Amino acid sequence: MDFIMVPAVMGIITLGIYKLFELFVRKKERLIIIDKIGDKLTPDILNGKIDFPTNIPKLSSSALKFGCLFMGLGIGMLVAFAVHYNFADFVESSYQIKSAIYGSCVLLFGGIGLIAAFIVELKLGKKR
């Protein structure tokens with residue numbers, strides 16, 4: 001499983017740096033918008049023109065994505081173990097072959113899990 005650690009750590013670091021930059025950029029944008037509006041905005045201008053919805057259910061699909069991804073990764077590990085255990089006599093048992101079997105099964109079933117989450121999201125989106 002060493003093959004997955006370097007890309008995973010690099011991905012986490014890259015995502016963290018990206019989100020940090022995005023946070024500062026959004027803060028600057030908001031401050032610029034507030035400065036532009038300034039004193040021009042008074043409460044009587046907006047009287048009765050803005051209607052905020054009160055009961056809109058927001059469905060978050062991140063739990064579905066992570067659930068399907070981790071389920072796919074778990075199934076991939078299980079299938080890789082079964083392949084390695086059953087076919088160890090036929091295949092030379094080396095570290096590279098074990099890594100290839102585990103890596104390919106984990107990525108394949110993880111991808112299948114994400115595709116399943118996407119299909120479920122599409123079906124839920126059509127119902128609304």
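A helix here is a DSSP run of H or I covering at least four residues, numbered from the N terminus; helix α3, residues 95-127, is the stretch where valine 120 sits.

**View 1. The whole chain, a predicted model built from helices.** We're looking at a predicted model. The protein has 3 helices and 0 strands, and from the N terminus on the order reads α-α-α. The exposed surface comes to about 11000 Å², and carbon and sulfur atoms supply 71% of that. Among contacts with a separation of 6 or more, 82% join residues 24 or more positions apart.

**View 2. Phenylalanine 66 and phenylalanine 70 on helix α2.** The structure holds 1 aromatic pair. Its ring centres, from phenylalanine 66 and phenylalanine 70, are 6.1 Å apart with the planes at 20°, so the pair is stacked; the cut-off for stacking is planes under 30 degrees apart. Both residues belong to helix α2 (residues 62-86), and because they are 4 residues apart, about one helical turn separates them. Phenylalanine 70 has a relative accessible area of 54%, so this residue is exposed, given that exposed means over 50%.

**View 3. Valine 120 of helix α3 and leucine 64.** Back to helix α3, which carries valine 120. Is this valine buried, exposed or partly exposed? Valine 120 is partly exposed, since its relative accessible area is 35%, and that class runs between the 20% and 50% limits. Along the chain, valine 120 and leucine 64 are 56 residues apart, yet their C-alpha atoms are separated by 8.7 Å.

How values were computed
Residues are numbered from 1 along each chain as its sequence is written. This is a predicted model: local features need pLDDT of at least 70, side-chain atom pairs count only at pLDDT 80 or more; totals for chains, interfaces and linings use all residues. Side-chain values use heavy atoms; hydrogens and water are left out. Helices (H or I, at least four residues) and strands (E, at least two) are DSSP runs, numbered from the N terminus. Contact means heavy atoms within 4.5 Å. Accessible areas come from the Shrake-Rupley method with a 1.4 Å probe; for residues, only the protein chains shown count as cover. Rings of Phe, Tyr and Trp (its six-membered ring) pair if their centres lie within 6.5 Å; planes under 30 degrees apart count as stacked, over 60 as edge-to-face and the rest as tilted. Buried means under 20% relative accessible area, exposed over 50%, partly exposed in between (1.4 Å probe, protein chains only).
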